[in-house]
Structures are given as C-alpha cells and as structure tokens.
Amino acid sequence: MKKSKSKMITIIISSIAVVLVALTVGGYFYVDSQLQAVNASSKESIIVDIPKGAKVSEIGDILQENNVINSSMIFTYYVKYKNETNLKAGKYKLSPSMTVEQVVNELKKGQVIVPSRLVIPEGYSLDQIADRMVAYKPELKKADILKVMDDKAFVNELMKAYPDTVTKDVLAATIKHPLEGYLYPATYEFTGKTDIKAMVSDMVKATDANIAKYKPELTKQKLTVHHFLTMSSLIEKEATANVDRSKISSVFYNRLKEGMPLQTDPTVLYALGKHKSRTMYEDLKVDSPYNTYKNKGLPPGPISNSGETSMEATLHPEKTDFLYFLANTKTGQVYFSKTLEEHNKLKEEHITNNQ
C-alpha cells in the first residue's frame, strides 16, 4: 500500500515537473517569438509618434497599434528587464521588420526623422506652411491641408471663434486664400493625431493673441486687422536682415499717399504662385489683383505671415521722403531714394554693375 502510494506521488511530481518544464520551454519560445519582428521580410516604413511623458506601457501600446511590435506587454517587460529608461519622444520611421531590440535602440538614440516641433518662420505663405505641416506630420497630404485652409465653412468657424481678428474681409471675391497671413509664425507642438483643422486653428489663435496688443493703436489709426496684416506681409517679404523695416514701411505709405502703385515684386510672385529669386519683366504683366505694378493700393490681402518687427513697422513707419528702394540680393544691402532718377542711378551702381 505504501509502495503504491509512493509510486503515485512520484508519478504526480514527475508529471508536474514535466508540465513545468514544458511551460517554461513553451514560455521561453513564446516570449522569444514576441521579441522578434512582426514581419522580417517587410519593407514597409511606418511613422510612429511617441509623445512626451509617455509611460513604457503606453509606448508599447502605440507600437503595437502601429503593427511595429507583436506585444505591448512583452515590450514593456523587456524594457523594464533591460532597464532601458532613456526612450525619447518624437516621430520615428520604424518597420515591422525590426525586432524589439532594434526598436528600443532607435528610441534610445532619439534620431527622429520627423521634427518633434512644427516651426513656422516669418514671411511664409500658406503654400510653404502646408509643406512644413507635411514634413511635421508625413501622414498628411498637402492638397488636403490647402483644401481645409480654403474651406469657407471652416473659415466661418474661425470668424465666429476670433471675430476681432478674422473678419469678412478674408472672404472677399478677390482673395486668393482666406487665411493667408493669419497663421502666426511660431513654434508649435501637436501630440497624437491632431487633425488639420485643429492645427490651423491654433495658428490663427496665436495670431489673435499676438496682435491683441496692437488693437488700441489700430483703432487709433483707423486700420482694420486685414489692412494691418496685408501691409505687414509686404514689409516682411521685402525686408532683409540689413534693413530698417520702418524705412520700407515709410516708402509704401509715401507711395500710397502720392497715389503711386507700390510696385513690390513679392506681390507679383504671389500672383504667379512661384518662388523665384528674381522677378523678370514678363512677370510684371501678370493679370492679378495682387499685382501691385498694375494696380494701385494694397493687394486684396496678405501675401504671407509676418513677424512682430514688420507689424511694428506697419504702425510706426519712419518719417522720410523716400519713394523708392532696392535691395542687393547678394549683400542684402537696401538702398533708398527720393526720386526715380536717383533710384535708377543706385540700381546701375549696385545692381546692374554687380551682376
């Protein structure tokens, strides 16, 4: 009886041992398989956005949702077991062909292929801003961005949200793009799957906030926000690092006062929809309300965004008698003159002879 009982216990223990060994071996191979690539032969590239402050488990969830790893749980255990505490936020180009170890190494290096912040420089048009947005969020399409920016229903939403800044002026029939000049040049950070409307809205919100300080002066000078942003954009596009923008502003205001066309090349290029280093004589013939060679006064609206320096110059032009200016594109030096004769002489000396 004792022998039989002892034999039974031995069999049970052996069976348990076999099961444990099997579970251990099975568990090892399971974990190992989960650490391998989702698809070793895949050539797909996937843009993955790792937000700031994300926990390891949250990073794992993001990677699994994007089909970069097999298991968020195994990824989390692996990172903690390896004590990999320095995973960096940002947008990465990853692939299902990468193992968990390779993915972790990429996140440790922090060499993001997409900027973690959206930087919109001064003097950028909507077209250029759309390019920046695509670079920041490669999943977006430029055509879709421009379509949203020009959508009248969306523009009307912004008019209701920011009535003191986005007015009916932006929907005039001659306007090329309603929101041109209304997306503030600044650095933005958008987490997760922020949509186009939210991104554009934030830029308009920044414009509304940043020009609030100018509202009293605008009222005093009887200038609309649209007029203000339009003039600011012209100054922004004509200015170089070596020029006092208030002098450029004075030339524009002096020409308006004299009933002269502004004749500023950036408006011609905007009408053409081109980025060129030099405006040709044939370009000046373009038939567009934005062409300030053919039309007197300001163009229908801004031709780009503008920074605070240009905004200040719009409100506080220097008091001069200048009616002309020209810039040496090689040196950035700007030359001002009171008469056409003087202007042509300066052009001959500093531009024509140096080409």
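Biologist: Hi! Is Lys197 buried, exposed or partly exposed?
Modeller: Lys197 counts as partly exposed, because its relative accessibility is 35% and that class lies between 20% and 50%. Bear in mind that this is a predicted model.

Biologist: Where is Lys197 found, and what does it touch?
Modeller: Lys197 is found in helix 8, which covers residues 196-210. Leaving aside residues up to four places away in sequence, Lys197 touches Val148, Phe154 and Glu157.

Biologist: How do helix 6 and helix 8 pack?
Modeller: The axes of helix 6 (residues 142-149) and helix 8 are 10 Å apart, at an angle of about 55 degrees. That makes helix 6 oblique to helix 8. The crossing of helix 6 past helix 8 is right-handed.

Biologist: Which residues make the contact?
Modeller: Helix 6 brings Asp144, Ile145, Val148 and Met149, while helix 8 brings Ile196, Lys197 and Val200. By class, that contact has five nonpolar, no polar and two charged residues.

Biologist: New topic: how many aromatic pairs are there?
Modeller: The count comes to seven aromatic pairs. One of them joins Tyr214 and Phe228, with ring centres 5.5 Å apart and planes at 55 degrees, so the pair is tilted.

Biologist: Where do Tyr214 and Phe228 sit in the chain?
Modeller: Tyr214 is in the loop between helix 8 and helix 9, and Phe228 is in helix 10 (residues 225-238), 14 residues apart.

Biologist: And are those two buried or exposed?
Modeller: Tyr214 is buried at 4% relative accessibility, and Phe228 is buried at 0%.

Biologist: Which residues form an aromatic cluster?
Modeller: Phe252, Phe322, Phe325 and Phe336 form one.

Definitions and conventions
Residues numbered from 1 in each chain as written. Predicted model: local features only at pLDDT ≥ 70, side-chain atom pairs only at ≥ 80, totals over all residues. Heavy atoms only, no water. Helix = DSSP H or I, 4+ residues; strand = E, 2+ residues; numbered from the N terminus. Buried < 20%, exposed > 50% of the residue type's maximum accessible area, 1.4 Å probe, protein only. Contact = heavy atoms within 4.5 Å. Axes fitted to C-alpha atoms, helices over the stretch in contact; angles between N-to-C directions. Parallel < 35°, antiparallel > 145°, perpendicular 65-115°, else oblique. Left-handed = near helix turned anticlockwise from the far one by under 90°. Nonpolar A, V, L, I, M, F, W, Y, C, P; charged D, E, K, R; others polar. Phe/Tyr/Trp six-rings, centres within 6.5 Å; stacked < 30°, edge-to-face > 60°.
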